[in-house]
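I opened this notebook to record what I looked up in one structure. The entries follow the order in which I consulted it.

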Amino acid sequence: MKTLKKIGSQVIVLTGATSGVGLITARRAAALGAKLVLAARGEDALHKLAEELRERGTEVITVPADVGRHEDVARVAQAALERFGGFDTWINNAGVTIFGRYEDVPLEDQRRLFDTNYWGVVHGSLAAAVHLRQSGGAIINMGSEACDGPLPLQGAYAASQHAIKGFTDSLRLELEQEQAPISVTLIKPAGLDTPMVTHAKNFLHVMPKLPPPLYDPSLAADAILFAAENPRRDLFVGASAKAFSAAAYHAPHAFDRLMRRFMGRAQQTRTPAGPREDNALHTAGNSMMERGEPAGRRRALRSCPYTTSSRHPMLTTALVVGASAAMAAMLQMRNRRDEG
């Protein structure tokens with residue numbers, strides 16, 4: 001049985017710390033008393049965030065790093081060892097996307113996406129495992145609902161998510177074979193209202209968007225911090241992510257037809273595309289933004305009963321059993337009325 005510390009007693013390493021889910025996670029972990037090792041490509045944004053958190057009494061260090069570079073990730077791990085003597089949780093959160101048909105997206109850009117999304121997870125997980133084999137702790141990888149199904153117009157992103165899932169699940173098995181005291185969790189959120197779309201490289205003729213429903217990124221941050229304290233194999237964020245995964249697995253042909261018919265239009269606005277060079281694929285983008293939509297235009301869901309219940313398997317089972325019993329009772333009553 002893997003035992004994880006409470007957040008307030010942990011040293012947490014977090015990549016992609018200056019934007020979206022990473023930024024919210026850093027702030028919430030700091031508020032709970034964690035010591036932090038924050039990594040991102042943007043050095044100025046890292047310093048700004050560190051100053052903000054130190055003013056609140058948080059012990060924090062920053063390491064400018066490109067997670068696609070093995071040597072950069074090694075520096076992050078070394079910095080954590082030198083400052084805090086180690087760490088308890090390593091969160092691989094950095095990620096980018098590209099909008100466009102495969103034939104329109106240069107291979108160079110697709111490789112760069114994999115450097116960040118897939119190799120960033122590999123580099124971070126392996127660096128974390130070296131230390132955590134001895135001390136115990138958690139590796140938490142940020143995936144997506146696209147881990148389990150196709151996503152037209154974000155094909156390279158979906159491919160990287162499938163790769164993340166394959167790596168994470170295989171690493172977990174190997175560590176379990178070793179009986180290493182490491183919890184390995186894959187977080188699979190639905191679409192989140194983060195700056196990810198504005199940071200994306202876009203090869204469409206219009207501005208892209210994520211298909212609805214969108215969820216508030218704080219739900220993903222809460223799932224990450226929950227997994228840092230509670231060993232879980234994987235966690236879906238948003239009921240639509242679970243539905244996406246289930247449909248892709250159980251009804252692949254029907255799912256493909258649905259995606260073919262609706263998903264292209266659902267990812268495109270009517271606004272003409274902006275400058276293609278305005279993206280964060282190869283260089284750090286505008287950071288220190290938690291959400292993508294302005295406050296007055298946000299329509300992201302701020303709560304999800306499924307996400308909350310999924311953290312408590314016994315409660316989820318009880319709800320399912322209760323709902324099944326209620327359905328059976330209703331059918332029995334209906335049958336008796338019909339017989340009468």
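This is a predicted model: local features need pLDDT of at least 70, side-chain atom pairs count only at pLDDT 80 or more; totals for chains, interfaces and linings use all residues.

Residues are numbered from 1 along each chain as its sequence is written, and side-chain values use heavy atoms, without hydrogens and water.

Entry 1. I looked up Thr-168 and found it in helix α5 (residues 155–178); helices are DSSP runs of H or I, at least four residues, numbered from the N terminus. Thr-168 is buried, at 0% relative accessible area (buried means under 20%, exposed over 50%, partly exposed in between, with a 1.4 Å probe and protein chains only). Its side chain reaches the backbone oxygen of Ile-164 at 2.8 Å.

Entry 2. I turned to the largest nonpolar core, which has 42 residues (a set of buried Ala, Val, Leu, Ile, Met, Phe, Trp, Tyr and Cys residues joined through side-chain atoms within 4.5 Å). Helix α7 gives the most to this core, eight residues. Apart from it lies another core of 32 residues, including Val-184.

Entry 3. I counted five aromatic pairs (ring centres within 6.5 Å, using the six-membered ring of Trp; planes under 30 degrees apart are stacked, over 60 edge-to-face, the rest tilted). The rings of Tyr-118 and Trp-119 are edge-to-face, because their planes stand at 70 degrees, with centres 5.0 Å apart. Tyr-118 counts as buried at 18%, whereas Trp-119 is partly exposed at 39%.

Technical notes. Helices (H or I, at least four residues) and strands (E, at least two) are DSSP runs, numbered from the N terminus. A polar contact is a pair of N or O atoms within 3.5 Å; within protein, one must be able to donate a hydrogen and the other to accept it, and residues adjacent in sequence count only if both atoms are side-chain atoms.
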